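Have a look at it first, then read on.

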Amino acid sequence: MFTYLTNGDRGLFDEFDRLQREMDQLFGAWPQAGIRSGRAGAFPAINIGATPEEVHVYAYAPGFEAGQFDVSIQQNVLSIGGTRKVEPHPNCTWYLRERFDGEFRRAVTLPEDVDPERVEATYTDGVLHLVIKRRAAVRPRQIPVG
Amino acid sequence: MSDSKAVKETRSANPATVPESALRPRVEVFEDAHGITLIADLPGVCSERLNVQVDKDTLLIEGKADIAMPEGMQALHAEVRSKLYRRSFALSSELDPDAIEAKLKDGVLTLHIPKRAEVRPRKVEVRVA
């Protein structure tokens, strides 16, 4: 099946259908949304993972320079902001404009034991990767029995 | 005018042929007198893991995100649930697939697909009678 992108004959329902599928794909059966989760499909998409020592945050934000992000942590709330300007390209005919354009800020709640003083940030191939150390005191400790 | 149908998206008639896990990259497509420009967001994809190919009139963009993750990491929150990106478009005959230029920077792919020289618009001069 071919769908023309360029002459607008896809219809609104087709577009809703696509959106719904994208949402399902992105969020799947994610069970509970935190109060700071914001709307679905927000830019940039964020994945968070944890090891006993560190919390890793991956923000999928392509097309930036490393210095263009505004990242801050207050207690255990991480905030990532910035502006992405999609070039206007005058005298062109536009067929699709799906990429994010404008100002964004996302805040996510991290585990409570993160240490805001020990954060490392790198930006590679359009992914901002933050590594936040967790405080040693709350790591699970082996208690010797003997 | 049929020229406006320069790039159309192809979808597989049989959904089973497209693995469910591939993400559909967000794109911009625009046209000027010289050709079509397609810009795609492919965060996490480096040039070694990007595949752009034209088979007959189908342009396929495929990439795999290569993101360093520590051993034994547990997911706390996941909005991106696949490493694969895939999207394809049908090119119309006035575009020249042999002359496509591709550039990948910071997870953004830019493709220039020029029109064949003979179909580029010519300015028609209107003389005052």
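## Chain A

Chain A has one helix and nine strands. Those terms come from DSSP runs, numbered from the N terminus: helices are H or I over at least four residues, strands are E over at least two. Going along the sequence, the order in chain A reads β-α-β-β-β-β-β-β-β-β.

Keep in mind that this is a predicted model, where local features need pLDDT of at least 70 and side-chain atom pairs count only at pLDDT 80 or more, while totals for chains, interfaces and linings use all residues. As for labels, residues are numbered from 1 along each chain as its sequence is written, and chains are lettered from A and ligands numbered from 1 in the order in which they are written.

## Burial and contacts in chain A

Of the 146 residues in chain A, 20% are buried (20 or more other C-beta atoms within 10 Å of a residue's own, with C-beta atoms placed from the backbone; 12 or fewer is exposed, and in between is partly exposed). Take the chain A contacts with a separation of 6 or more: 53% of them are between residues 24 or more positions apart. A contact here is two C-beta atoms, placed from the backbone, within 7 Å.

## A loop residue: A:Gly67

A:Gly67 sits in the chain A loop between strand S3 (54–60) and strand S4 (70–74). It counts as exposed because it has 8 C-beta neighbours inside 10 Å. From A:Gly67 to A:Leu130 is 63 residues in sequence and 14 Å in space, C-alpha to C-alpha.

## Chain B

Chain B has zero helices and nine strands, so its pattern along the sequence is written β-β-β-β-β-β-β-β-β. Buried residues are 29% of its 129 residues. For chain B contacts between residues at least 6 apart in sequence, 60% join residues at least 24 apart.
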